[in-house]
Amino acid sequence: MAIYHLHTKIIGRSDGRCVVQAAAYRSAEDLSLGSTGESFDFTAKSGVEHTEIMAPVDAPDWVYDREQLWNAIENVEKRKDAQLAREVEVSLPIELDREQQIALMREYVQETFVKRGMVADIAIHRDDPNNPHAHILLTTRSISGEGFGPKVREWNTKSQMNEWRAEWADVQNRYLAREGFEVRVDHRSYAAQGINLEPGQKLGLSTDRQSDADLPPLIKERMARQQDIQRENGKRIIAEPKIALDALTQQRATFTERDVARFLNTHTVDANQFQEAQAKVMASDQLVKLGVDDRGQTRYSTRDMVTIENELRGHAEDMTAKPSHAVADRQIEASAKRSGLTSEQTEAARHVLEAGDLKVVVGVAGSGKSRMLDAARDAWVREGYTVKGGALSGIAAENLQHASGIESRTLASYELSWRNGHDALSSKDVLVIDEAGMLGTRQLDRVMAAADRAGAKVVLVGDAEQLQAIEAGAPFRAISESAGVAELTSVRRQQTQWQQEATLDMASGRTVEALQAYEKHGAITGAQTRDDARTAVLNTWEQGRGQGSQLMLAYTRDDVKALNDGARERLKANGELKGGVVVETERGQREFATGDRVLFLRNEKSLGVKNGSLGTVTQVNASGKLSVQLDGKNEKEPGRTIDVDPRFYKNIDHGYATTVHKSQGSTVDRTQVLASKNFDRHATYVAMSRHRQQTQLVFARDEFTTPQQLVNTLSRARPKDMATDYAQVRGLEQIPQGVSLSAEKRSQMEKLGADRLAHLEKRFGLDKPNERTLQATRTNVSAMQPKPRSPGRSR
């Protein structure tokens with residue numbers, strides 16, 4: 001399981017250290033010290049999996065030669081007590097594969113060290129498969145084209161170190177979330193997290209070697225200290241088992257007994273203490289036994305987590321029952337007519353505008369939620385209410401504002417303002433939260449509590465089948481299953497009937513049937529290798545140019561960068577990108593030219609951009625300053641033109657391709673999707689529903705060796721859960737053993753699925769929509785059968 005570890009130390013002459021020797025050992029190379037000719041040969045060292053040197057764009061070429069680099073440092077440092085280099089040692093998430101770990105390291109090193117002017121020498125070690133880690137040797141002087149400059153003293157400050165630690169946690173959590181893992185790491189100390197445990201020490205050697213008799217004294221001392229820490233933590237957990245339970249539920253709503261064992265294994269000193277701690281935790285009155293999940297595993301939660309869920313449920317019930325914030329019928333009809341709503345959209349607008357301080361809208365992708373909200377905004381404003389929009393991400397807030405006219409910002413921004421006594425909600429406010437399915441239980445509970453206290457109205461809008469919450473819980477799904485909802489199931493984004501039907505299939509969890517439909521119409525193709533698949537995506541993108549807006553989608557940043565680079569190469573070969581200028585960005589060196597597509601990666605009020613905003617370069621100058629016309633609502637309503645100086649705002653990248661996560665909420669005419677093993681049915685749903693006219697999904701046969709493997713990956717369910725998914729937990733009662741999903745919960749889930757399938761039958765005249773079959777084609781999707789779905793984990 002991913003753990004947080006970051007340790008720094010100085011390699012200095014006062015300790016008798018030689019940085020050339022240190023670099024040779026970490027890279028498993030044979031390097032010589034130029035001043036003496038002494039050779040340091042560590043080529044026999046095993047377990048060094050990847051090495052790489054990263055440097056600022058203006059660094060001289062010789063820095064990429066490891067021997068020249070560190071000999072230059074030895075020569076430039078004259079003092080006998082000189083600090084030669086700083087080493088940062090980090091643990092890598094074991095959940096990620098080799099390529100993902102390398103990409104993770106590159107991003108962290110580039111953003112945290114290289115952009116500040118350091119040269120970084122990276123070595124990833126895997127001498128113990130259960131302990132992948134990396135050593136990063138950093139120069140203590142900045143580098144330029146003329147060589148090394150003076151020492152940078154601010155790199156030694158405590159505040160700088162804390163920033164590096166936070167950045168390491170942030171980048172790990174982003175990668176873990178993107179790859180579909182619920183586990184998260186926290187750079188804060190246990191004390192800062194409110195957990196009464198002492199953090200362990202990094203031993204720096206494999207488990208097998210820990211029993212060696214000839215270990216160095218320093219390692220033996222470190223092992224003894226680690227055992228003392230584990231012994232003390234074990235004592236604390238035995239005395240107060242709630243400590244372990246609090247730690248387990250920092251980032252998940254429920255857990256298994258195996259999760260408990262894995263946690264205790266690293267927080268106890270031996271088998272006897274482990275067994276005693278496990279017995280105490282499993283017998284704790286803070287532990288709530290929930291029932292059995294769809295894998296047959298007994299799941300547990302804590303009283304605190306159940307309390308939060310019940311508090312959220314209580315706010316939802318109280319706010320739903322309040323008779324306030326009703327809009328007159330004549331106003332509803334007038335606003336619906338002005339906005340040209342369909343009958344289904346009108347009914348949804350009527351639902352959110354009628355009395356009640358909590359309203360929920362569940363809308364499939366492309367069903368016209370934004371148009372409905374625009375009409376509702378008009379009605380609320382005419383009744384004297386202030387309408388505010390919120391979302392988890394900046395781009396989702398921006399999309400909500402563009403599409404509905406509701407002034408919007410991130411929920412984190414609202415919460416910060418509320419804590420500082422600003423922008424408090426009132427009874428005259430309506431807070432519309434878009435993409436609500438991505439919110440965790442704790443955050444939504446805080447927002448709902450603030451609204452309930454203020455007497456404000458909250459409207460939750462989303463689709464629980466799209467990308468899942470990053471934090472613990474699935475509160476939008478839970479609320480939508482228990483509260484009255486308006487459903488928008490008529491797909492309006494896609495322009496052909498079979499694509500509308502496929503989107504509804506994905507919204508109902510019937511991903512295999514949707515893939516069969518796209519495959520039948522030639523929209524799923526296979527390529528031999530990963531590179532061939534990228535080329536096929538680029539070919540489709542190039543063929544679609546001039547036929548409306550389009551966007552290439554992939555799951556990982558590496559794939560996105562390769563697609564962006566490939567698109568620019570083709571445009572340059574056609575003579576369409578001229579007069580480019582190279583700028584230094586947060587993601588490294590990038591060239592921008594007039595006509596380039598630009599993706600903004602950080603919210604910036606002064607520019608009026610959000611994380612995920614897109615635009616087109618209209619002018620560049622020699623200093624690297626860019627004029628960018630932001631995308632508007634459509635081609636007839638382009639956005640503003642802004643000036644971007646990469647010296648001060650470096651969070652830009654090319655915008656021909658983007659990740660599936662960033663695309664949620666976006667709409668374009670055409671998309672090209674590069675499939676990978678990172679996909680699940682939620683990512684597939686988002687990626688295959690962004691287009692109006694056409695989409696093409698491409699996969700690599702060397703990654704998906706059989707058609708069944710492709711479909712299994714793209715249709716697998718990985719939804720978040722809640723304690724109340726297993727039983728109606730009220731009053732914190734202990735749930736009897738053997739209780740699984742409550743009958744009420746199961747009935748609700750089955751009804752939601754049945755309602756959506758009934759809509760298919762009504763709209764398309766399908767008596768048995770699940771029996772649609774297709775002739776075998778080159779990907780043989782029709783030969784695959786969907787896995788049986790359990791109602792216990794998703795609707």
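A residue counts as buried when its relative accessible area is under 20%. By that cut-off, strand S7, residues 133–139, is mostly covered in this predicted model: 7 of its 7 residues are buried. The cover lies on both faces of S7. On one side are His133, His135, Leu137 and Thr139, on the other Ala134, Ile136 and Leu138, and all are buried.

The strands that pair with S7 come next. Strand S5, residues 83–91, runs antiparallel to S7, and 7 bridges connect the two. Strand S6, residues 120–125, also pairs with S7 in the antiparallel sense, here through 6 bridges. In the pairing of S5 with S7, valine 90 stands opposite alanine 134. Isoleucine 124 stands opposite alanine 134 as well. Alanine 134 is itself one of the buried residues of S7.

The protein chain has 795 residues, and 57% of them count as buried. Its secondary structure comes to 25 helices and 30 strands. Take the contacts between residues at least 6 apart in sequence: 72% of these join residues at least 24 apart. The chain exposes about 33100 Å² of surface, and carbon and sulfur atoms supply 46% of that area.

Helix H9 covers residues 271–282, which makes 12 residues. From its first C-alpha to its last it reaches 16 Å, close to the 16 Å expected at 1.5 Å a residue. Which residues of H9 are buried? They are Gln273, Phe274, Ala277, Gln278 and Val281. Viewed down the axis of H9, these buried residues fall within an arc of 130°, and therefore they line one face of the helix. The face turned away from that buried side carries Asn272 and Gln275, which are exposed. Asparagine 272 also takes part in a contact at the start of H9. There, a side-chain oxygen of aspartate 270 comes to within 3.3 Å of the backbone nitrogen of asparagine 272.

Helix H21, residues 557–573, has 17 residues. Its reach from first C-alpha to last is 24 Å, close to the 24 Å expected at 1.5 Å a residue. The buried residues of H21 are Arg557, Asp559, Val560, Leu563, Asn564, Gly566, Ala567, Arg568, Arg570 and Leu571. The list includes the arginines Arg557, Arg568 and Arg570 together with Leu563 and Leu571. After H21 comes glycine 575, which has a positive phi, near 75°.

Positive phi values also turn up in residues other than glycine. Alanine 28 has a phi near 60°. This alanine lies in the loop between helix H1 (19–27) and strand S2 (30–32). With a relative accessible area of 15%, alanine 28 is under the 20% cut-off and therefore counts as buried. Aspartate 423 has a positive phi too, near 55°. Its loop runs between helix H15 (411–419) and strand S16 (429–433). Is aspartate 423 buried or partly exposed? At 41% relative accessibility, aspartate 423 counts as partly exposed, because that class lies between the 20% limit for buried and the 50% limit for exposed.

Definitions and conventions
Residues numbered from 1 in each chain as written. Predicted model: local features only at pLDDT ≥ 70, side-chain atom pairs only at ≥ 80, totals over all residues. Heavy atoms only, no water. Buried < 20%, exposed > 50% of the residue type's maximum accessible area, 1.4 Å probe, protein only. Helix = DSSP H or I, 4+ residues; strand = E, 2+ residues; numbered from the N terminus. Pairing = 2+ DSSP bridges. Expected span 1.5 Å × (residues − 1). Arc of directions from axis to C-beta. Polar contact = N/O pair within 3.5 Å; in protein donor to acceptor, adjacent residues only side chain to side chain. Contact = heavy atoms within 4.5 Å. Areas by Shrake-Rupley, 256 points an atom, 1.4 Å probe, with all protein chains shown as cover.
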